[in-house]
Amino acid sequence: MNAAKRREIFARLQAANPHPTTELEYETPFQLLIAVLLSAQATDKSVNIATRKFFPEHGTPQGLLALGEAGLADYIKTIGLYRTKAKNAIATCRLLLERHGGDVPQTREALEALPGVGRKTANVVLNTAFGQPTMAVDTHIFRVANRTGIAPGKNVLGVELKLEKFVPREYMQDAHHWLILQGRYVCVARKPKCPQCGISDLCEYKHKTPA
């Protein structure tokens, strides 16, 4: 795919949704971090249902520590892997207080040093909470990048690095939100909604769904 076509794709995505953001509900960088940590192999909707119950009273590192691992697990037991996630979240709270004064760090390295926080989670927090032009590649972005031809790659890191290279700078801040939403609602896994897609004429997928 050439640079002009990529630029037009992101121009159209921006025109359709000028201010995209995560569908996770949060009020602080800490709450976003916890929500993203909980969202692994779970839907944003299921995470929001759970966090609405404990963020109001326990939405700080100190608040979650006071709640404790068992208390948090009880709130999130409708989410997959909830015991492991509760353990990691409480351990993360402890480290945030010990190492960072309770604040969420603003570097990938420091974030990835927290329990349960991988590269994708770190990139989401850096982008959404702190405005850094990172690319958090999940299954949706991986599929869209490969299927459209925007940034094909054999693995998540490969796609991330290609997107960082190929996405025009002026679109980089919001690019991962546009691509996630595209994959979640239009370029879906089993039967992409090509007739409803605003970039289908630019997409290089060879097996487009007919109208």
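This is a predicted model: local features need pLDDT of at least 70, side-chain atom pairs count only at pLDDT 80 or more; totals for chains, interfaces and linings use all residues.
## Packing of H2 and H5

Helix H2, which covers residues 29–38, packs against helix H5, residues 82–100, at an angle of about 155 degrees, and their axes lie 10 Å apart. Because angles over 145 degrees count as roughly antiparallel, H2 is roughly antiparallel to H5. The crossing of the two helices, H2 and H5, is right-handed.

On the H2 side the contact is made by Phe30, Leu33, Ile34, Leu37 and Leu38, and on the H5 side by Lys85, Asn88, Ala89, Thr92, Cys93 and Leu96. The residues of this contact between H2 and H5 comprise 8 nonpolar, 2 polar and 1 charged.

H10 is mostly covered, with 10 of its 14 residues buried; among them are Met172, Ala175, His176, His177 and Trp178. The buried residues of H10 pack against helices H1 (3–16), H7 (119–128), H8 (139–148) and H9 (156–166).

## Thr209 in the segment after H10

Thr209 is found in the segment that follows H10, and because its relative accessibility is 16%, under the 20% cut-off, Thr209 counts as buried.

When residues up to four places away in sequence are not counted, Thr209 touches Lys191, Pro192, Cys194 and Pro195. Of these contacts, Pro195 is 14 residues from Thr209 in sequence, while the C-alpha atoms of the two residues are 7.1 Å apart in space.

Definitions and conventions:
Residues are numbered from 1 along each chain as its sequence is written. Side-chain values use heavy atoms; hydrogens and water are left out. Axes are lines fitted to C-alpha atoms, for helices over the stretch in contact, and angles run from 0 to 180 degrees between N-to-C directions. Helices (H or I, at least four residues) and strands (E, at least two) are DSSP runs, numbered from the N terminus. Angles under 35 degrees count as roughly parallel, over 145 as roughly antiparallel, 65 to 115 as roughly perpendicular and the rest as oblique. A crossing is left-handed if the near helix is turned anticlockwise from the far one by less than a right angle, and right-handed if clockwise. Contact means heavy atoms within 4.5 Å. Ala, Val, Leu, Ile, Met, Phe, Trp, Tyr, Cys and Pro count as nonpolar, Asp, Glu, Lys and Arg as charged, and the others, Gly among them, as polar. Buried means under 20% relative accessible area, exposed over 50%, partly exposed in between (1.4 Å probe, protein chains only).
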